[in-house]
Amino acid sequence: MALFEAWKNGKQVFLVGNGGSAATASHMANDLNKLTITTGKARFKAIALTDNVPLMTAWGNDSAYEDIFSEQLVNFINPGDVIVAISASGNSPNILKAVRIAKEYGATAIALTGDTGGRLKELSDYPVLIPALTSDSKRMVT
């Protein structure tokens, strides 16, 4: 619903994640920008903040790794925009800070996270939790 509303209202969608979740964020931005094109309709405005490596390393080096996404958001975020935060643990400091900043600016937060959702679950408007498998891969951890 939040993604549909953002698209319908011409709002931006920002995606963030670390490691494999950074790749997922980049891939999701690609899919939103290209695979949703409908002739005669507005296009999604999706930006993966994981894709500007020089800017991420500049913020990480000159400020703190915790700031690599939140400082990028300050340049672009507007009320009604959406942040999609992807974190397996739900406790990555840079992801949490980005969500806090986005919400301060009036954005909606969607979380894609694992297991119990960590702190990200509580910060987000729409938490999506993916259960973790145990080491024997036969049952889900609840």
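The largest nonpolar core of this predicted model has 20 residues, where a nonpolar core is a set of buried Ala, Val, Leu, Ile, Met, Phe, Trp, Tyr and Cys residues joined through side-chain atoms within 4.5 Å. Buried means under 20% relative accessible area, exposed over 50%, and partly exposed in between, with a 1.4 Å probe and protein chains only. Val 16, Phe 69, Leu 73, Ile 83 and Leu 120 have the most contacts inside this core. At least two of its residues come from each of strand 1, strand 3, helix 5 and strand 4; helices (H or I, at least four residues) and strands (E, at least two) are DSSP runs, numbered from the N terminus. Helix 5 gives the largest share, six residues. Another core, of 14 residues, lies apart from it and includes Ala 25, Val 82, Val 84 and Ile 86. In soluble globular proteins, nonpolar side chains tend to be buried together.

Residues are numbered from 1 along each chain as its sequence is written, and side-chain values use heavy atoms, with hydrogens and water left out. As the model is predicted, local features need pLDDT of at least 70 and side-chain atom pairs count only at pLDDT 80 or more, while totals for chains, interfaces and linings use all residues.

The strands form an open sheet of five, in the order 2-1-3-4-5, with parallel pairing. Two strands pair if DSSP finds at least two bridges between them. Strand 2 (45-48) and strand 5 (126-130) each have a single partner strand, so one side of each has no neighbour in the sheet. From one strand to the next, the twist averages 15°. Axes here are lines fitted to C-alpha atoms, for helices over the stretch in contact, and angles run from 0 to 180 degrees between N-to-C directions. Strand 4 and strand 5 are joined in the parallel sense by five bridges, and Gly 114 stands opposite Ile 130 in strand 5. Helix 5 (residues 93-104) lies across strand 1 (12-17), strand 3 (82-87) and strand 4, and runs at about 165° to strand 3.

Thr 113 is a residue of strand 4 (residues 108-114). Its relative accessibility is 2%, so Thr 113 counts as buried. The side chain of Thr 113 reaches the backbone oxygen of Ser 87 at 2.6 Å. With neighbours within four places in sequence left aside, Thr 113 is in contact (heavy atoms within 4.5 Å) with residues including Ser 87, Ala 88, Leu 120 and Ile 130.

The side chain of Gln 72 reaches the backbone oxygen of Ile 68 at 2.7 Å. Not counting residues up to four places away in sequence, Gln 72 touches Leu 49, Asn 52, Leu 55 and Met 56.

A search of the whole structure finds one aromatic pair. Phe 4 and Trp 7 form this pair, which is tilted, at 5.5 Å centre to centre with 45° between the planes. Rings of Phe, Tyr and Trp (its six-membered ring) pair if their centres lie within 6.5 Å; planes under 30 degrees apart count as stacked, over 60 as edge-to-face and the rest as tilted. Both residues lie in helix 1 (residues 2-8), three residues apart, about one turn of the helix. Phe 4 is partly exposed at 44% relative accessibility, and Trp 7 is partly exposed at 22%.

Key:
Polar contact = N/O pair within 3.5 Å; in protein donor to acceptor, adjacent residues only side chain to side chain.
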